[in-house]
Amino acid sequence: MKVNAAVATAPKTDLEIRELELDAPRPDEVTVRLVASGVCHTDAIVRDQWYPTPLPAVLGHEGSGVVEAVGTDVVDLAVGDKVVLAPASCGVCENCIAGHPQYCVDFYNLNFGGARTDGSKMFTDSAGEPVSSNFFGQSSFATRTNVRARNAVKVDDDAPLEKLGPLGCGIMTGSGAVLNVLKPGPGESIAIFGTGAVGLSGMMGAVAAGATTIIMVDIVPSRLEFAKELGATHVVNSKEVDPVEAIREITGGKGVQYALDTTGVPPVFSQMTKSLALRGHGALVGAAKLGTEAPFDIGTLLTSGINVSMVVEGDAVPREYIPKLVSMYEKGLFPFDKLVKTYAFEDINQAFADSESGTTIKPVVVY
Ligand code: NAD
């Protein structure tokens, strides 16, 4: 069938909206009519080829929509189901079986390879040339797409589908790193570096978990102000003060029990490790170019007993975790929609630009 899709053609170049042909769903896939898709920093860095998904490609990986057709082997989704799309995982490797599909042994190929595992691409252009697909198992910058049923998460019929796409990546990443990996408890302390969609979702997770010292660090004053409105107990502008010293001062010299780096900036990673209390736990979710190294003071930190985790997609099992986030949102415990600004699909490049400049925290294009 014919679809309209935003095609990434070259680094640092606007996406082009083109008419493409979408093939039929395979037996294990469903065809989804997209209602909306979030725009994530990761779309921009793949457009810019930090990760080598072959271009031209249909990117987009925070889709939400309605199932329009089901493959012959699909037993758990039906036409008309509302779904949020999540990253792809194989479902059969040891990590998938152990409940950690974000560390699927085939994660990179399934999510960044630009094709199905058999090498086929689901989109072709008007000249009959294939266009890379299956980005994060979905390529949601298209009016319709095919996804494996495994990475489509059914949500309630009355769920606000237009807002929910980012639950499949950015919001899941920040909140999951906090709720599934760091696990701060009531009365505990956390510092989060970066107040974008990922950092603020982590912050909302910390608020929901009952943490009572929540320190947000950034270099953009307006973002720090916004973080305060949403529940930060302290904010630190690391352009103006040394964040490690500021965090130690706020915590009476001890450091924080938990910390999250959402920036992927090497010196920030070092700051995060140095701001932890004895036996603290820090996590990195910010993406950096392949090969990026960060200084880590093994001399001083050896005796600190700290843990540092690298976390993908909140280490979440999407079919279990996304409905929990929807439920927390409906109860007013997780107001992630305050981060969202919607754009018409035609304005997708403006959405990218506003994300990059920081004027919009979580752009969502609506079809
Ligand atoms: P964003 O650009 O909206 O937010 C990043 C924030 O970091 C900004 O507010 C920026 O001002 C701040 N920042 C930059 N340099 C800083 C510094 N030196 N000190 C303090 N703050 C600084 O991005 P986002 O959407 O929140 O995503 C954050 C990161 O997470 C991106 O790198 C994205 O690619 C990555 N990501 C990772 C996963 C994963 O699975 N690990 C999933 C989704 C996104």
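Which residues does R223 touch, not counting residues up to four places away in sequence? They are T195, G196, D218, G358, T360 and I361, where contact means heavy atoms within 4.5 Å.

A word on the ground rules. This is a predicted model, so local features need pLDDT of at least 70 and side-chain atom pairs count only at pLDDT 80 or more, while totals for chains, interfaces and linings use all residues. Residues are numbered from 1 along each chain as its sequence is written, and side-chain values use heavy atoms, with hydrogens and water left out.

R223 sits in helix α7, residues 221-230. Helices here are DSSP runs of H or I with at least four residues, strands are runs of E with at least two, and both are numbered from the N terminus. With a relative accessible area of 14%, R223 is buried; that label means under 20%, with exposed being over 50% and partly exposed in between, using a 1.4 Å probe and protein chains only. A polar atom of the R223 side chain lies 3.3 Å from the backbone oxygen of G358. Along the chain, R223 and G210 are 13 residues apart, and their C-alpha atoms are separated by 22 Å.

**Around the ligand**

R223 also turns up among the closest of the 25 residues that surround the ligand, along with D218, V285, A287 and E313.

| Residue | Protein atom | Ligand atom | Distance |
|---|---|---|---|
| D218 | side-chain N or O | oxygen | 2.6 Å |
| A287 | backbone N or O | oxygen | 3.0 Å |
| V311 | polar backbone atom | nitrogen | 3.1 Å |

On its own the ligand has 870 Å² of accessible area, and the protein covers 85% of that; the areas come from the Shrake-Rupley method with a 1.4 Å probe, and for residues only the protein chains shown count as cover. Helices α1 (41-47) and α6 (197-209) are the elements giving two or more residues to the shell. By type, the shell divides into 12 nonpolar, 10 polar and 3 charged residues.

E313, one of the closest shell residues, lies in the loop between β16 (307-310) and α11 (318-330). E313 has a positive phi of about 45° although it is not a glycine, and at 7% relative accessibility it counts as buried.

**Loops with something to look at**

F136 has a positive phi too, near 50°. Its place is in the loop between β8 (130-131) and β9 (144-148), and F136 is buried at 4% relative accessibility.

S139 is in the loop between β8 and β9 as well. What is the relative accessible area of S139? The value is 0%, so S139 is buried. The S139 side chain reaches the backbone oxygen of V58 at 2.7 Å. Leaving aside neighbours within four places in sequence, the contacts of S139 include V58, L59, G60 and F123.

One more loop: P56 is found between α1 and β4 (57-58), and the peptide bond from L55 to P56 is cis, with omega near 0°.

Note on methods: Near = heavy atom within 4 Å. Polar contact = N/O pair within 3.5 Å; in protein donor to acceptor, adjacent residues only side chain to side chain. Nonpolar A, V, L, I, M, F, W, Y, C, P; charged D, E, K, R; others polar.
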